[in-house]
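Here is a short report on one protein chain. Keep the sequence and the 3D view open while reading.

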Amino acid sequence: HGNHEVKFGAQGQRNRFLLTISGRAYGEFTFDGTFTGNPLADFLLGQSSLLWQEKFRVNDVHMWTPGFYGQDRWRVSRRLTLTLGLRYELYTPWRAFDGQESAIVPGAKSATFPTAPPGMIYENDPGFPYQTRRLDFAPRVGFAWDVFGNGKTSVRGGYGISYDQLDGG
């Protein structure tokens, strides 16, 4: 409209992170000669110096990222154009499909799973540290200046603030 070109837009994005963790579900044994002085002899005797075992887990988490923006490209004069905009993206935290996304918070007690070890809380517990941040507005400003007015030499610049979510689950 007139010297202004106004644009609006929106996006909706759903991210999913699916990882099957089973690398040490059967156990990882270390035979280093601690008992006999010979690693092979320790192995034959079944005497391991270290056992590392992890639970089999399917890490299946998701998050939503809706986004909105508005932008005005304003032709101040024949030689100067300003672009002003604002973007808003709402990053929701990763949540597990089974409701077992967890965090360690020293001294906390889980209300969702009362038998969980002290300090381990889950996504539906009060005090869970990964929550939605709702005030991440991202302004943008830019300019284009035709230095001599002949369309051959221009100076351009811009500035913007951006937010991003950490990937992983």
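## An aromatic pair to start with

Y130 is partly exposed, at a relative accessible area of 46%. Buried means under 20% relative accessible area, exposed means over 50%, and partly exposed lies in between (1.4 Å probe, protein chains only). F128, at 3%, is buried. The two rings, F128 and Y130, form an edge-to-face aromatic pair, with 5.4 Å from centre to centre and 75° between the planes. Rings of Phe, Tyr and Trp (its six-membered ring) pair if their centres lie within 6.5 Å; planes under 30 degrees apart count as stacked, over 60 as edge-to-face and the rest as tilted.

## Basis of the model

This is a predicted model, in which local features need pLDDT of at least 70 and side-chain atom pairs count only at pLDDT 80 or more, while totals for chains, interfaces and linings use all residues. Residues are numbered from 1 along each chain as its sequence is written, and side-chain values use heavy atoms, with hydrogens and water left out.

## Overall build

Helices (H or I, at least four residues) and strands (E, at least two) are DSSP runs, numbered from the N terminus. Their order from the N terminus is β-β-α-β-β-β-β-β-β-β-β. The chain is more spread out than a compact globule, because its radius of gyration is 28 Å, well over the 15 Å that the globule rule gives for 169 residues. That radius is taken over C-alpha atoms, and the rule is 2.2 Å times the number of residues to the power 0.38. Along its principal axes, the C-alpha trace spans about 85 × 40 × 25 Å.

Of the 169 residues, 25% are buried. Contact means heavy atoms within 4.5 Å. Among contacts with a separation of 6 or more, 59% join residues 24 or more positions apart.

## Surface and charge

The accessible surface comes to about 11900 Å². Carbon and sulfur atoms hold 58% of that surface. Areas come from the Shrake-Rupley method with a 1.4 Å probe; for residues, only the protein chains shown count as cover.

The chain carries 18 positive and 16 negative charges, and their mean positions are 14 Å apart. Lys and Arg count as positive and Asp and Glu as negative; His and the chain ends are not counted. Each charge is placed at NZ of Lys, CZ of Arg, CG of Asp or CD of Glu.

## More aromatic pairs

By the ring rule, there are six aromatic pairs. One of them joins F31 and F43: the ring centres are 5.2 Å apart and the planes sit at 85°, so the pair is edge-to-face. F31 lies in the loop between β2 (28-30) and α1 (39-45), and F43 lies in helix α1, so the pair ties together parts 12 residues apart in sequence. F31 is partly exposed, at 25% relative accessibility. F29, F31 and F43 form one aromatic cluster.

T65 sits in strand β4 (residues 57-75). T65 is buried, at 3% relative accessible area. Beyond four places in sequence, T65 contacts Q11, G12, Q13, N15, L90 and Y91. P66 is also found in strand β4. P66 is partly exposed, at 25%. Beyond four places in sequence, P66 contacts Q11, G12, Y88, E89 and L90. P66 and R156 are 90 residues apart along the chain, with 30 Å between their C-alpha atoms.

D72 belongs to strand β4 too. Beyond four places in sequence, D72 touches H4, E5, V6, L82, T83 and L84. D72 and H4 are 68 residues apart in sequence, yet 6.3 Å apart from C-alpha to C-alpha.

L86 lies in strand β5 (residues 80-89). L86 is partly exposed, at 43% relative accessibility. Its contacts beyond four places in sequence are F68, Y69, G70, F137, A138 and P139. L86 and K109 are 23 residues apart in sequence and 41 Å apart in space, C-alpha to C-alpha.

L90 is in the loop between β5 and β6 (95-96). Is L90 buried or exposed? L90 is buried, at 17% relative accessible area. Beyond four places in sequence, L90 touches W64, T65, P66, T132, R133 and R134. L90 and R16 are 74 residues apart along the chain, and their C-alpha atoms are separated by 16 Å.
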